[in-house]
Amino acid sequence: MRNAFWLAAGVAALALTTGTSSAKSEELTLCWAAWDPANALVELSKEFEEQSGHTMRFEFVPWPNFADRMLNELNSGGQLCDLLIGDSQWIGGGAENGHYVKLNDFFEAEGISMDDFAPATVYAYSTWPKGEPNYYALPAMGDANGWFYRKDWFERPELQEAFQAEYGRPLAEPTTQRELMEVAKFFQGREIDGQTVYGVSIFTERGSEGITMGATGALYAWGFKYENEPGSYDMEGAVNSPEAIEALEFYKELYECCTPPGYTNAYMEQSLDAFKSGQVAMAMNWFAFFPGLYADPNTGGDKIDFFVNPPQNVPASTLGGQGISVVSYSDKQDAALEYIKWFAQPDVQAKWWALGGYSAHNSVLNDPGFVESQPFAGDFLEAMANVQDFWQEPTYAELLLAMQERLHNYIVADQGTAEEALNGLIEDWTEVFEDDGKL
């Protein structure tokens, strides 16, 4: 439960002090994906409307269509969005193609320091080139891929006894990827309360980004790297390392052994549905959904618990989350910058967390009450300390399409070997980088 600190933050009056105040009221459109945190942002933004005199409109697009819709909007120079909460992988294209306003001068003038935000989020959501002090977004929504499970099933004495007898250890949150596999196999096909249940719901979707976001949870935990040296585009021996091959074989086995029937094209919604309907013992999904899962009347509360993506060779989690950018094609940039200034305030960030968003501000994350503020807060901190992201190149879409196809063909369609899939991926990516003049 949220403690008194967060409840107080949630009802505190928020002062808007900005040196960029517009002379007239504007109607600003903020674009994002359609999901629970977006609803929290609508509620949060009412404070901004009251204090600034501006009106907020929201364009929320379902996740399967979000990238296509928003990238098409940016590439066409469209003026739909004044503010865009865009995926971390878009930052390179947003910067190099002139879609996003560079925010360095604004941050300096308004006293907004990137040192006030978690380093991983600044690096991933704000900077281009990576790690350089060139900022095109303010960290808005910290996120990573994590896990949740049926705590009430794990605690049943008969299941604890059976698991102990089979595996020689207690039935508990897995601490490695291999342990996760064992737990999944234990539950697969087991009857609980008269219903046949399954081990896990994982990401297998091919159309957008799903199977890549799922499989990288295993790849990163085995030590996968995109390049031998950052910025070198030297992929041979990194992308197809023995560890990467082993991790991909693991994810395929997890899919084959332990998912519900017909689970060939599943992403966020399907993972949530499988868990909430009582089909699976464990599920992966983004931390963004965890507040809603905990609040679910059927499978939340004392029936659910959470854990960080288990390590195998190294601790690692797949990065999600987004930064908020001012779109360069907007004719309301001053008012949009007012929103950025307001959103960056520590008091606003505290309320953002209290409402169900994931603040990246250090004043929130480092507060002594944070870990106890939600049952998944400690796991979130642990995950964000070891996140890894997909390519953030301007050619991100082509790079992602290639990985989606290679992984889905191997894992779900059962074509070829893991080594062949990764070798083919190097060929695909090499072609993209050659066409882009990087090789």
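View 1. Trp147 stands opposite Met284 in β8. This is a predicted model, where local features need pLDDT of at least 70, side-chain atom pairs count only at pLDDT 80 or more, and totals for chains, interfaces and linings use all residues. Residues are numbered from 1 along each chain as its sequence is written, and side-chain values use heavy atoms, with hydrogens and water left out.

Helices (H or I, at least four residues) and strands (E, at least two) are DSSP runs, numbered from the N terminus. Two strands pair if DSSP finds at least two bridges between them. Strand β4 covers residues 138–150. Five bridges link β4 with strand β8 (residues 280–286), and the two run antiparallel. Strand β10 (residues 317–326) is joined to β4 by six bridges, again antiparallel. Here Asp143 has Gly320 of β10 as its bridge partner. Tyr149 pairs with Asp305 in β9.

How many of the 13 residues of β4 are buried? The count is 13 of the 13, so β4 is largely enclosed by the rest of the structure. Buried means under 20% relative accessible area, exposed means over 50%, and partly exposed lies in between (1.4 Å probe, protein chains only).

**View 2. Asn145 and its surroundings.** Asn145 sits in strand β4. Its relative accessibility is 5%, so Asn145 counts as buried. A polar atom of the Asn145 side chain lies 3.3 Å from the backbone nitrogen of Asn285. A polar contact is a pair of N or O atoms within 3.5 Å; within protein, one must be able to donate a hydrogen and the other to accept it, and residues adjacent in sequence count only if both atoms are side-chain atoms.

Which residues does Asn145 contact, leaving aside its neighbours within four places in sequence? They include Phe203, Met213, Gly214, Met284 and Asn285. Trp286, Phe287, Asn309, Ser317 and Thr318 are also among them. Contact means heavy atoms within 4.5 Å.

View 3. The protein chain is divided into domain 1 (26–143 + 320–388) and domain 2 (145–318 + 395–435). These bounds come from an automatic or database domain assignment. The C-alpha centres of the two domains lie 27 Å apart. Domain 1 gives 24 residues to the contact, and domain 2 gives 23 residues.

**View 4. The largest nonpolar core.** A nonpolar core is a set of buried Ala, Val, Leu, Ile, Met, Phe, Trp, Tyr and Cys residues joined through side-chain atoms within 4.5 Å. The largest one here has 153 residues. Trp32 and Trp429 have the most contacts inside it. Helix α11 (residues 242–258) supplies the largest share of this core, nine residues. Domain 1 and domain 2 each give at least three residues to this core.

View 5. Trp429 belongs to helix α20 (residues 418–435). Is Trp429 buried or exposed? Trp429 is buried, with a relative accessible area of 0%. Not counting residues up to four places away in sequence, Trp429 touches Tyr226, Met235, Val239, Phe390, Trp391, Leu399, Ala402 and Met403. One of these, Leu399, has its backbone oxygen 2.9 Å from a polar atom of the Trp429 side chain. Gly146 is 283 residues away from Trp429 along the chain, and their C-alpha atoms are separated by 27 Å.

**View 6. The disulfide of Cys31 and Cys81.** A disulfide is a pair of cysteine sulfur atoms within 2.5 Å. By this rule the count comes to two disulfides. In one of them, the sulfur atoms of Cys31 and Cys81 are 2.0 Å apart. The link is left-handed, with -95° about the S-S bond. Cys31 lies in strand β1 (residues 27–33) and Cys81 in the loop between α3 (63–75) and β3 (83–87), so the pair ties together parts that are 50 residues apart in sequence. Cys31 is buried at 0% relative accessibility. Cys81 is buried at 4%.

**View 7. The disulfide of Cys257 and Cys258.** Cys257 is joined to Cys258 by a disulfide, S to S 2.0 Å. This link of Cys257 and Cys258 is left-handed, with -95° about the S-S bond. Cys257 is partly exposed at 22% relative accessibility, whereas Cys258 is buried at 0%. With bonded cysteines counted along the chain, the disulfides follow the pattern 1-2, 3-4.
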